[in-house]
Amino acid sequence: MPAPHRPEIILTEVQKRIILQLRIAGPTPRVHLASMLRMNTASMTRMTQQLVAMGMLEELGASDASARGRPTVPLAIAGRGGWSAGATVHPGWLELVVIDFAGQPVFHDSIPFDDPDPRYIEPQHALSEALKSGRCPTYSDGQSLWD
């Protein structure tokens with residue numbers, strides 16, 4: 001049974017800024033994100049909770065539990081938040097790559113071709129065929145990329 005279609009996710013400008021900051025800085029606690037983006041902590045908490053609920057961000061383990069007060073919980077970009085596919089045509093072969101939302105490669109394949117004119121290659125068809133052939137990428141927990 002195919003996975004249900006996920007609706008398009010529309011992000012606000014603030015949510016985009018949060019994700020961009022996490023791409024630049026890496027995993028960061030909410031309080032530091034709020035400071036970097038000049039936001040109050042309540043707004044940052046609300047925005048990041050929405051992004052976590054959408055599957056765009058994930059909370060990592062709490063850090064510095066020996067300090068007084070509530071331990072900080074770094075946020076990171078969730079790899080399963082989305083994917084990008086790319087194709088590059090080289091003389092005699094087509095390179096296909098899929099990366100997850102965190103920028104980690106999850107699929108890489110090279111497909112040879114004989115036609116000297118790359119205008120006749122259909123990368124989306126080649127990617128679809130490569131994934132259907134049983135070389136579908138999986139996560140370390142065994143779950144398929146497309147589930």
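Tutor: Happy to. Read along the sequence, the pattern is α-β-α-α-β-β-β-β-β-α, with four helices and six strands in the protein. Please keep in mind that this is a predicted model. Of its 147 residues, 32% count as buried. The accessible surface is about 9,700 Å², and 55% of that belongs to carbon and sulfur atoms.

A word on pairing before we go in. Strands of a sheet are held to one another by backbone hydrogen bonds, and the pairing can be parallel or antiparallel.

Let's begin with the sheet that contains β1. It is an open sheet of three strands in the order β1-β3-β2, and its pairing is antiparallel. Its edges are β1, residues 28–29, and β2, residues 57–59, each of which pairs on one side only. Follow the chain here with some care: β3 sits between β1 and β2 in the order of the sheet. Between β2 and β3 (residues 74–77) there are three bridges, and these strands run antiparallel. You can find this pairing on screen through E59, whose bridge partner in β3 is L75.

Helix α3, residues 41–53, packs on it and touches β2 and β3, with a direction that makes about 105° with that of β2. Helix α1, residues 13–25, lies across β1, β2 and β3, and runs at about 95° to β3.

Now look at the loop between β2 and β3, where you will find A62. Which residues does A62 touch, leaving aside those up to four places away in sequence? They are P71, T72 and V73. In the case of V73, the C-alpha atom is separated from that of A62 by 4.4 Å, although the residues are eleven apart along the chain.

P71, T72 and V73 also turn up in the lining of the second largest pocket, which has a volume of about 260 Å³. Other residues of that lining include P29, R30, V31, T41, T45 and R70. E59, the partner of L75, is one of the lining residues as well. Helices take part too: α2 (30–36) and α3 each supply at least two residues of the lining.

While you are at these helices, stop at R38, in the loop between α2 and α3. R38 has a positive phi of about 55° although it is not a glycine. Is R38 buried or exposed? R38 counts as exposed because its relative accessibility is 78%, and the cut-off for exposed is over 50%.

Next comes the sheet that contains β5. This is an open sheet of three strands in the order β4-β5-β6, with antiparallel pairing. The edge strands are β4 and β6 (105–112), and each pairs on one side only. From one strand to the next, the twist averages 15°.

Take the pair of β4 and β5 in this sheet. Strand β4 covers residues 83–90 and strand β5 covers residues 93–100, and eight bridges join them in the antiparallel sense. For landmarks, S84 has I99 as its bridge partner in β5, and A87 stands opposite L96. The hairpin of β4 and β5 leaves two residues between the strands, and G92 in its turn has a positive phi of about 90°.

With its neighbors in place, what about the faces of β5? The covered face holds L94, L96, V98 and D100. W93, E95, V97 and I99 make up the uncovered face.

One last number takes in the whole protein. Among contacts between residues at least 6 apart in sequence, 41% join residues at least 24 apart.

Methods
Residues are numbered from 1 along each chain as its sequence is written. This is a predicted model: local features need pLDDT of at least 70, side-chain atom pairs count only at pLDDT 80 or more; totals for chains, interfaces and linings use all residues. Side-chain values use heavy atoms; hydrogens and water are left out. Two strands pair if DSSP finds at least two bridges between them. Contact means heavy atoms within 4.5 Å. Axes are lines fitted to C-alpha atoms, for helices over the stretch in contact, and angles run from 0 to 180 degrees between N-to-C directions. Buried means under 20% relative accessible area, exposed over 50%, partly exposed in between (1.4 Å probe, protein chains only). Accessible areas come from the Shrake-Rupley method with a 1.4 Å probe; for residues, only the protein chains shown count as cover. On a 1 Å grid over the protein atoms alone, a cavity is a set of points where a 1.4 Å probe fits but cannot get out, and a pocket is an open set with protein on both sides within 12 Å along at least five of seven lines; lining residues have an atom within 4 Å of a point. Grid points are joined across faces, edges and corners, and a volume is the space filled by probe spheres set on the points.
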